[in-house]
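Open the model in your viewer and keep the selection tool at hand. This tour goes from stop to stop, saying what to pick and what to look for.

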Amino acid sequence: MLKHRGFPSRLPGTDFQFTIRRANKQGATKIIRRERFKDRAAPDRRADAGFLAALWAHFGEDPFERGNLDAGRLSWLIGREVVWAEEPADPCSYAQLLRVDRKRAEAAFPEVFAEPEAFQWEGLDEDDEDWD
């Protein structure tokens with residue numbers, strides 16, 4: 001499993017996880033499309049925006065390997081702001097390539113692109129660094 005060095009492990013100041021520490025012995029957790037309803041809690045929406053901001057800052061529009069990115073967090077964005085970069089897609093593979101669909105991401109989360117400084121990842125606590 002590829003570990004994305006420098007990628008934030010969680011949304012600062014919260015328990016919203018962005019990465020996993022080690023591979024699952026039974027295989028990668030399946031990425032499924034989760035439905036986002038309009039009455040979703042503000043902290044959950046903020047976690048989605050923060051995760052998308054981290055993806056955009058780290059990868060831009062380039063394809064990236066799923067690696068140690070959290071399947072649960074990816075599931076909130078898959079099929080919308082994050083899409084499969086290759087077909088056929090394997091939602092249970094750590095090696096699956098994904099990419100950010102900028103047009104859809106900008107429409108859903110304009111604050112990520114209008115105010116990128118709102119999501120600062122420098123100066124994270126030691127707890128926020130990638131773990132081996």
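## First stop: Glu65

Select Glu65: with a relative accessibility of 27%, this residue counts as partly exposed. The scale is this: buried is under 20% relative accessible area, exposed is over 50%, and partly exposed lies in between (1.4 Å probe, protein chains only). Glu65 belongs to strand E1. Helices (H or I, at least four residues) and strands (E, at least two) are DSSP runs, numbered from the N terminus.

A word on the model before moving on. It is a predicted one, where local features need pLDDT of at least 70 and side-chain atom pairs count only at pLDDT 80 or more, while totals for chains, interfaces and linings use all residues. Residues are numbered from 1 along each chain as its sequence is written, and side-chain values use heavy atoms, leaving out hydrogens and water.

Now show what surrounds Glu65. Not counting residues up to four places away in sequence, Glu65 touches Leu2, His4, Tyr94, Ala95, Gln96 and Leu97. Contact here means heavy atoms within 4.5 Å. Draw a C-alpha to C-alpha distance from Glu65 to Ala95: 5.5 Å in space, for 30 residues in sequence.

## Next: Tyr94

Step to Tyr94, in the loop between E2 and E3. Is Tyr94 buried or exposed? Tyr94 counts as buried, at 14% relative accessibility. Its side chain reaches the backbone nitrogen of Asn24 at 2.8 Å. Leaving aside neighbours within four places in sequence, the contacts of Tyr94 include Met1, Ile20, Ala23, Asn24, Glu65 and Gly67. Lys30 is 64 residues away in sequence from Tyr94, with 9.7 Å between the C-alpha atoms.

Stay in this loop and pick Pro88, which also lies between E2 and E3. The peptide bond joining Glu87 and Pro88 is cis, with omega at about -5°.

## The sheet

Colour the strands. Three of them form an open, antiparallel sheet in the order E1-E3-E2. E1 and E2 are at the edges with a single partner strand each, so one side of each has no neighbour in the sheet. Two strands pair if DSSP finds at least two bridges between them.

- E1 (residues 64-65) pairs with E3 in the antiparallel sense over two bridges; Glu65 has Leu97 as its bridge partner in E3.
- E2 (residues 82-84) pairs with E3 in the antiparallel sense over three bridges; Val83 has Arg99 as its bridge partner in E3.

Show the side chains of E3. Which residues form its covered face, and which the uncovered one? Leu98 and Val100 are on the covered face; Leu97 and Arg99 are on the uncovered one.

Centre on Val82. Beyond its neighbours within four places in sequence, Val82 is in contact with Leu55, Phe64, Leu74, Leu77, Leu98 and Arg99.

Move back to Glu81, in the loop between H2 and E2. Glu81 is buried, with a relative accessible area of 2%. What does its side chain make a polar contact with? The partner is the side chain of Arg36, at 2.8 Å. A polar contact is a pair of N or O atoms within 3.5 Å; within protein, one must be able to donate a hydrogen and the other to accept it, and residues adjacent in sequence count only if both atoms are side-chain atoms. Outside four places in sequence, Glu81 also has Leu52, Trp76, Arg99 and Phe109 among its contacts.

## Zoom out

Show the whole chain. Its secondary structure comes to four helices and three strands, in the pattern α-β-α-β-β-α-α along the sequence. Of its 132 residues, 43% count as buried.
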